[in-house]
Amino acid sequence: MFDPLTAEEWRAVALSLRVSFWATAVSLPLGILVAYALARWRFWGREVLNGLVHLPLILPPVVTGYLLLVTFGRRGSVGAYLDQWFGIVFAFRWTGAALAAAIMAFPLMVRAIRLAIEAVDPRLEQAASTLGAGRVWVFATVTLPLILPGILAGAILAFAKAMGEFGATITFVSNIPGQTQTLPSAIYAALQVPGGETQALRLVLVSITVAMAALLVSEWVSRKVAKRISGA
Amino acid sequence: MSLSVDLHHRFDGFTLSARFDVPQGVTVLFGKSGAGKSTVISAVAGLLRPDRGRILLDGVTLLDTDARIALPPHRRRIGYVFQDGRLFPHLTVRQNLLYGRWFAPSSAGPADRPAFDRIVDLLGIAPLLHRRPGLLSGGEKSRVAIGRAILSNPRLLLMDEPLAALDEARKAEILPYLERLRDELRLPILYVSHSLAEVARLATTVVLLDAGKVLATGPAAEVLADPSVAPLVGLRNAGAILTARLAAHEADGLSRLDSSAGPILLPRLSQPLGSVLRLRILAQDVMIATEAPKGISALNILPCRISAIHIGDGPGAIVQLAAGEDMLIARITRRSVQSLKLTQGAAVFAVLKAVSVAQENVGFGQP
């Protein structure tokens, strides 16, 4: 069972990494903005935004997948428009898998970053403003560096969640080898075939390895960053 | 430079209604905690928006609620030294010091800018430049915070009890630096304090604040020698300041200082001859005699004239004495006022039981 991975298995692993990377990278700026808004701004509809962000955490993933299909499918309300005007298609493409993963991981990312922002002492930001820094500069030179560990934690969490996302992905973009078959989909597919347990187990080991590696890297990086910031 | 402040603000059952001007030098905003000092200083910095008010700095309107003008803090060019330092933990001391320089307007030419090396020298923080704030001592943090505010090239420096969080030894470490700043950088400072010792040592001008109102304002020596102010600052602490020049070190271990009212002898001082010192004389350490006392151990006896008598509610009285060009206050009993038949204008002698040096050296900071 310790044979090297087959080409198809490699494709699933590579696809999962690619989907998770883009899902995390593209949603990160929006995640920081939403976390900042929820932590610091008092605006009408704040609770509604908070609810919307957290919805994918509470809904059954299959419901999220279905909603994505209805919205971003080729005939979906937004999807048809995107296809017609920009030639962007999410349905049954790896980009769709990334979209599904990003939405499922978004609440975790926002929570981690929001906690970090709430932990920043606003008095430091006041001090920066008396030294001549406007709001954007205060954010860039004081808030952002101080919440870096939180951003990192949020990004790693989102990446890990994206690696494991299954329900919404398979509902939205199906399970096409080489196209939308991520690691969890591949494990699921292997289990559907009689005698596929060995293949499934190999993929499970890969999955565990990737998750552990992500965790260790994040621990290491956040310890380094925290040390820099604590000023020791 | 001039700052004029006129503020009205109400919150949590507290009403602040304060109006005063800040001239050159160090203006100490003095009062008990809860008097409204921090509210005033926050409003001047722009961190608090008062209900109503006007603040003008060098003719520039920083705040005018009637005209709906409120400059945000980062455009006021007012340096603020916070009580807790508030150094940026993710930056080195050098980066902290240079933080404000990024934003200082380029119109202020290099000649205007306080030179980095000079300020670092003045505050004695050169050995700390590569450290991070996390490992600095309280006194070191205070000095870095002061340097950071000055290097942002402000038009006015606000200091909110910068010494309150420090122990006596650290205070003693910082105070000389503050005096040097006052005397060497012609930067006006608005300094919040509830310590009379700091007022006596640093203040050029005093604004006395109580329960949200300005009770007295003027040159430090005048306000501290105002008999009606004494009960407000606490009778034990009330005291006037006297300026004197160190004239000679005598053979028996005493130093002679010349004040405008006469010589004063103190145990040997370490300052060089010719230094101008500020002496603090507590009201409870001054006795009054109607004739020149004979056969008395006290060395310091100054001829004075009674300029005011303030009778309190209790058994005490505060007598203000004109001693040469300076003022003293004495805390005595009403009974003594009556039995000695003290009246305004009477010539008397002040017997000083204790004199302390409030300030090392009076420099250019004098108005």
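Visitor: Over how many bridges do strand 4 and strand 5 of chain B pair?
Guide: This is a predicted model: local features need pLDDT of at least 70, side-chain atom pairs count only at pLDDT 80 or more, and totals for chains, interfaces and linings use all residues. Residues are numbered from 1 along each chain as its sequence is written; chains are lettered from A and ligands numbered from 1 in the order in which they are written. Strands (E, at least two residues) and helices (H or I, at least four) are DSSP runs numbered from the N terminus, and two strands pair if DSSP finds at least two bridges between them. Strand 4 (residues 52-57) and strand 5 (residues 60-64) of chain B run antiparallel, and the number of bridges is four.

Visitor: Which residue in the turn between strand 4 and strand 5 of chain B has a positive phi?
Guide: Leu56(B) has Thr61(B) in strand 5 as its bridge partner. The two strands form a hairpin with two residues between them. The residue with the positive phi, about 50°, is Asp58(B).

Visitor: What is the bridge partner of Leu63(B) in strand 6 of chain B?
Guide: Strand 5 of chain B also pairs with strand 6 (residues 69-70), antiparallel over two bridges. This hairpin has four residues between its strands, and Arg68(B) in the turn takes a positive phi of about 55°. Across from Leu63(B), the partner is Ala70(B).

Visitor: Which residue stands opposite Leu246(B) in strand 13 of chain B?
Guide: Strand 12 (residues 239-249) of chain B pairs with strand 15 (residues 276-282) in the antiparallel sense over seven bridges. Strand 12 also pairs with strand 13 (residues 254-259), antiparallel over five bridges. In the hairpin of strands 12 and 13, with four residues between them, Gly253(B) has a positive phi near 90°. Opposite Leu246(B) is Leu257(B).

Visitor: How many residues does domain 2 of chain B give to the contact with domain 1?
Guide: Domain bounds come from an automatic or database domain assignment, and residues are in contact if their C-beta atoms, placed from the backbone, lie within 7 Å. The domain centres, taken over C-alpha atoms, are 34 Å apart. Domain 1 gives five residues to the contact, and domain 2 gives eight.

Visitor: Which helix of chain A gives the most to the side that touches chain B?
Guide: 18 residues of chain A are in contact with 22 residues of chain B. Helix 6 (122-130), helix 7 (135-164) and helix 10 (197-230) of chain A each supply at least two residues of that side. The one that gives the most, with six residues, is helix 6.

Visitor: How many helices are in chain A?
Guide: The C-alpha trace of chain A spans about 70 × 45 × 30 Å along its principal axes. Of its 232 residues, 40% count as buried. Chain A has zero strands, and its number of helices is 10.

Visitor: How far apart are the end C-alpha atoms of residues 85-106 of chain A?
Guide: An unreviewed UniProt entry lists residues 85-106 of chain A among its "transmembrane region" spans. Such annotations may be inferred rather than shown by experiment; positions follow the numbering used here, and feature names are shortened. The span is 68% helix and 0% strand. Its end C-alpha atoms are separated by 27 Å.

Key:
Two residues are in contact if their C-beta atoms, placed from the backbone, lie within 7 Å. A residue is buried if 20 or more other C-beta atoms lie within 10 Å of its own, exposed if 12 or fewer, and partly exposed in between; C-beta atoms are placed from the backbone.
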